[in-house]
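Q: Could you take a close look at the salt bridges in this one and walk me through where they sit?

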Amino acid sequence: MAMSQRMWRREQERRRRERERRARQRRNCMIIVILAIVAVILIISKGCFGKKDSGASKATQQKTNTAGQEAQTVNEVQYESLVDITDIKMSFFSNSAFLGNSVADSIGMYNLLEDADFYTDITLDVDNVYTTATGYSTTAAIDQLKSKQFTRIFLSFGESEIADGDVKEFIKSYKKLIDKVKSYQAKAQIYVISIPPSTRETTSSSLYSMTLGKIKEYNKRIKAMAAEKEVYYVDSVSALGKDGGYLPRGVSADGINLNRGCCIDLLQYITKKAYVPDANSLSEEEADDDTDESEDGAEKTAAPKTSSMVENEPEPTVNVLKDSVKKSGGE
């Protein structure tokens, strides 16, 4: 009997020790699981806060660069405007319409003007504007101008037409387009935006027709046309050609389409320095071959500007050179 009691006690002791061993194992497992969960939480939290801090740092850095960065040179890789969009007089573009190609389309794409309408497409030119619809409309782009009366209308054409190489035909079609716009919008001020410059790399590439020589040739004809039609002229080369007449690097992948900074600078230039050219002040080179022959064969020369248009002109460029100085006026 005594032996049985000792054996029973031993068995109970063994079972107690086994229960304690298993309890210690469970505690150790729980500790390991808890530590693993804490480690995962710390890693996730660190990653999230790291991303937020990094995003905030990048946003701050970008804002600083935009506000204080000087004009870029050809050796640099990014172009940012020194002008804050809030510094532009937005009321100038109220009740305005943009009709044209990628230049006007970029301004609309970046949502820089809330109170302007855009009838634009990268494929739009002075010929297909009568048949090509833009946006969600099924109406031809030119006919969309009949939707309401605008204060100002901005026209942007020329990049696609340069590839054709027929500047006289381009100007002839452009004049007809301006006449059509005037028939729809008799009271609106019309602005023609000249062909912007391209980068040095793009200009020298055989893949594009946007050479500096062609851009200058087409723009001098556009300027003479603006004088003849008594519409405002926007000198995009003066506005954006910060690299010796070329577009700085970094504006886009192809060196032609404008980025947001370029669009801001162009808008700023329009509000301050767009003007109606004086036909009498154009050089012989600028006015050369820019006359049309009427149906009876007589040459049609540029008409002088009316006094009402002179009074409404914004301040002209400082470096007027061959352009006459206009009176300050308008908005």
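A: There are six salt bridges in this predicted model, counting a side-chain nitrogen of Lys or Arg within 4 Å of a carboxyl oxygen of Asp or Glu. Since the model is predicted, local features need pLDDT of at least 70 and side-chain atom pairs count only at pLDDT 80 or more, while totals for chains, interfaces and linings use all residues. Residues are numbered from 1 along each chain as its sequence is written, and side-chain values use heavy atoms, with hydrogens and water left out.

Let's start with K175 and E228, whose closest N and O atoms are 2.9 Å apart. K175 is in helix 4 (residues 167-184) and E228 in helix 6 (residues 212-229), so this pair ties together parts 53 residues apart in sequence; helices here are DSSP runs of H or I, at least four residues, numbered from the N terminus. K175 is buried at 3% relative accessibility, and E228 is buried too, at 9% (buried is under 20% relative accessible area, exposed over 50%, partly exposed in between, with a 1.4 Å probe and protein chains only).

Next up, K229 pairs with D179, at 3.0 Å between the closest N and O atoms. That one also links distant parts of the chain, with K229 in helix 6 and D179 in helix 4, 50 residues apart. K229 is buried at 8%, whereas D179 is partly exposed at 37%.

Then there's D265 with K242, the closest N and O atoms being 3.9 Å apart. D265 belongs to helix 8 (residues 260-273) and K242 to the loop between helix 7 (236-240) and helix 8, so parts 23 residues apart in sequence are tied together. D265 is buried at 9%, and K242 is partly exposed at 39%.

Methods: Helix = DSSP H or I, 4+ residues; strand = E, 2+ residues; numbered from the N terminus.
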